[in-house]
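Hi,

Here is the structure I promised to pass on to you. Have a look at it first, and then read on for what turned up when I went through it.

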Amino acid sequence: MYQWRKFQFFEEKVPGTSVAEELKEKVVCCSSGRGRMVVGSEDGMVHVLDRGLKLNYSFQAHSGSVQFIQQLKQRNILVTIGEDETSSPQLSAMCLKVFDLDKMQSEGSSTSGPTCIQILRIFTNQFPEAKITSFLVFEEAPPILMISIGLETGYIYCIKGDVARERIVRTKLEVEESSNGSRFPVTGLGFRVEGPALQLFVVTTTSVSLFDMHHQPPRRHVLDQIGCGSNSVSMSDNQELVIGRNEAVYFYEVDGRGPCWAFEGDKLFLGWFRGYLLSVIADQRTSRNVFNIYDLKNRLIAYSLPVGEVTHMLCEWGNIILLTRDHKVLCIGEKDMESKLDMLFKKNLYTVAINLVQSQQADAAATAEVLRKYADHLYSKQDYDEAMAQYIRTIGQLEPSYVIQKFLDAQRIYNLTSYLEKLHEKGLASKDHTTLLLNCYTKLKDVAKLDEFIKGEGEHRFDVETAVKVCRGAGYHEHAMYVAKKAGKHEWYLKILLEDLGSYDEALEYISSLETIQAAITVKEYGKILVEHKSDQTIAILMKLCTGDGGSATNVSDNLIPGKLPSPIDFINIFLDHPLYLMIFLEKYTSKVKDSPSHVEIHNTLLELYLSDDLCAPSFSRSIVQSMDTSGVGSSRNIFGLPSRGNRGKDMIGKVHEHVDTDERAERLKKGLALLKSAWPSHEDHPRYDVDLAVVLSEMHQFKEGRLFLYEKMKLYKEVISCYMQDSDYEGLIACCKRLGDSSRGGDPSLWADVLKYFGDLGEDCSKEVKEVLVYIERDDILPPIIVLQILAKNPYLTLSVVKDYVARKLEQESKHIEEDRKAIEKYQEETAAMRREVQELRTNARIFQLSKCTACTFTLDLPAVHFMCMHSFHQRCLGDNEKECPVCAPQNRTLLEMKRNLEQNAKDHDRFFQLVRNSNDGFSVIANYFGRGILNKTKNGTPNMSRSSTGPSNVF
């Protein structure tokens, strides 16, 4: 015991404080709680002291001495046991009182102080009176209290219930009885709660027992056959019973005696405070009392102070309070952690400091700071291994750069390596830490450690990209590839294979093993290198990615989920230096996938490749030469399918290039025309390519066949004949007009007028072609003869004989039309004159109605009768209500009026008028027809000139 180190972790807060004058020589019992200290005196008074140990107030609790007192913690209740006057000698003077300190008596009452809410007689007939040796109150769920009273006779009286309302249950417990019938006093009590069960420790001078209070009657378990005296019993924070005997301090749990601590000396007082054991020991060697505070976890004496005769020991306000016989009060408080640590650091007691902060559950930052100082101390003593062990314990709190810098300076690479490894194990390493650790491994050439770090089980605890870069830079390609592959960093894995190792076949195999989306991403990034070195295999992988399989032709929209497969358009950039391979790839794709979502873009790209003047990029040209140099004699062929001549190939490079370019481009143009036709079927209105782009490409690359097809499909017939005109292809021009200028087939007859104008402006003899054109112009009456003559007159090489027959036929035809028009004019003039005479006669002469029969019923006409100017007569009864128009002539008149109204409405429909003019071969005839119908005639007030009807009745008889 005396070998334990002593420290002054506590200090006296108010040294030498005396008890209030009112309490001198009167203190019998005391208690503390809820920020106050209560003292019971011999005269029955209870004194309440504040934090400064000054008297707050006093009140009369009992008429006699207050023997026991306890301040409850959960409620502001004070429980006392003392002597009171009795009305009968048979009644015991010992009473238990309960005071509510929150309820003070009114000023008008005879007594002042808190309200006494209950008074209980402790001893009754069933509970004989005996000297009380111990007292303890346990607070259950409010308002239930468990009061235990230990007696000199070895019995324990228990009172449980709502004491304030006297709803209680009394129980008597018997601790033990000796063989000679004598009993031993109860010297200590302690409650223990384990789940819903309440247990009571009972200590006598000869035994230690445990009662299970949840059983009825309570069961007793003997824990030890040795007890202790009074004031030497306490309860620890872990609900262990602590007993002090002369030889040692013992701890008891529910199953018996636990650990013991050999502290010699008579234990006058025993207590527990914040994990510390408090003890007042009578030192027999010095005949003095010593107050010790033990830190059992760290095996040290946290405080030691010689004291006089201690009468009471309390814990309140975070302090330990000792009351001595000479009326002194010792108030001892614990120093703060910083002060305690400074004290230990000055003595270089770092291990004690570490144990101290850990035992008192200090935060991680405080613990790390102590470990850092300890490690710094060891480092200063050049104990690098142990210093690093302490630095490792600070990981997570101490900045790693602090430690790393120290060991970089000391060139202790082994220690630094262990620290960095721990950083990675705890997942706190940064990219720089990973770089530094890998550099340590490579400098040490510790391949085993590198393998363990890189290829260890479980997930990587480091930055993958950093590890790959470091291993790659140090030449550990295998490790870099392992990390990249395990972490799913496919781009890094392939970068090493392609750029460092040149393993193109392995790279292609790895890409094939990836999922579609990831494989597409990697091909986009490294496709250029793969196409340059392994074009066929790369195209095969692209086909697999874009089609989903390697089988026969399929329909993407039918067999595959849209959007799940990449589009060939996504990979065009990898063929930047190899357009021929791009063409091969797209041809394979279009031959297999008939209905791709990207067919427009694919066809646009293919068309551009087909029409390009030269697909041989510089790098591609070099590959041609290499293939020709390395090809053998016989049936071997180069990439264009041309036979090689072995060593003679170099001498024929120029000729082969010229021959290859001519034939290869002609073949591509055929494919381009086939693509234009196949991608614009006759049953579809729109092509599967950008028609505007196709036209521009055909124009740029002088692709006549493509232009003709596109213009014809777009019904741009004038552009079609313009192509023939530009090439001076007269035969093709006329044949095209025959096909496209036939109106019966939906053609445009005006093409013949453009062809005629072309020949008129040609400036050379084209009599044969002009005669053929005039046949179709005459047949469809496309142009008037005068216009034809004006157009052809511009060509000085055309003679009159070219148009002689045409003019003669047109003159004869016109003469016939003139004669027919003259006859029609004469007829209309005669009819007009007759109508005018009839109108004049109606205006000037009387009309005689001589009809004798009714037109309706054919009976003899009698009065009343109705005669109309149209010479029809009717009985009035036959007309009925309609007497204003002739029933016979009315339908014809209405028809004429309806026609007139329609003509007037058509006069307002300007769009129809101009449409008829535009669509007619002879627009003048349309205008004349409108004038002839009188539609364009207006009166002065702007309304059509309408003739009055002559069908009204002339007279009614």
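Asn 604, Leu 607, Glu 608 and Leu 611 of helix 17 are in contact with Leu 693, Ala 694, Leu 697 and Ser 698 of helix 20. Sorted by class, this contact of helix 17 with helix 20 is made up of five nonpolar, two polar and one charged residues. Please keep in mind that this is a predicted model.

How do the two helices lie against each other? The axes of helix 17 (residues 599-611) and helix 20 (residues 691-700) come within 10 Å and cross at roughly 5°. Angles under 35 degrees count as roughly parallel, so helix 17 and helix 20 are roughly parallel to each other.

Next, the aromatic rings. The count comes to 29 aromatic pairs. One of them is formed by Tyr 730 and Tyr 758, a tilted pair with 6.3 Å from centre to centre and 55° between the planes. This pair links distant parts of the chain, since Tyr 730 sits in helix 23 (residues 730-740) and Tyr 758 in helix 24 (residues 750-760), 28 residues apart. Are these two tyrosines buried or exposed? With buried meaning under 20% relative accessible area, Tyr 730 is buried because its value is 17%, and Tyr 758 is buried because its value is 15%. Elsewhere, Tyr 379, Tyr 384, Tyr 391, Tyr 402 and Phe 407 form one aromatic cluster.

Lys 528 is partly exposed, at a relative accessible area of 43%. What does Lys 528 touch, leaving aside residues up to four places away in sequence? Its contacts are Asn 573, Ile 574 and Leu 576.

Finally, some totals for the whole protein. There are 31 helices and 33 strands, and 44% of the 957 residues count as buried. The protein exposes about 51,800 Å², of which carbon and sulfur atoms supply 49%. Among contacts between residues at least 6 apart in sequence, 48% join residues at least 24 apart.

Best wishes

Definitions and conventions: Residues numbered from 1 in each chain as written. Predicted model: local features only at pLDDT ≥ 70, side-chain atom pairs only at ≥ 80, totals over all residues. Heavy atoms only, no water. Axes fitted to C-alpha atoms, helices over the stretch in contact; angles between N-to-C directions. Helix = DSSP H or I, 4+ residues; strand = E, 2+ residues; numbered from the N terminus. Parallel < 35°, antiparallel > 145°, perpendicular 65-115°, else oblique. Contact = heavy atoms within 4.5 Å. Nonpolar A, V, L, I, M, F, W, Y, C, P; charged D, E, K, R; others polar. Buried < 20%, exposed > 50% of the residue type's maximum accessible area, 1.4 Å probe, protein only. Areas by Shrake-Rupley, 256 points an atom, 1.4 Å probe, with all protein chains shown as cover. Phe/Tyr/Trp six-rings, centres within 6.5 Å; stacked < 30°, edge-to-face > 60°.
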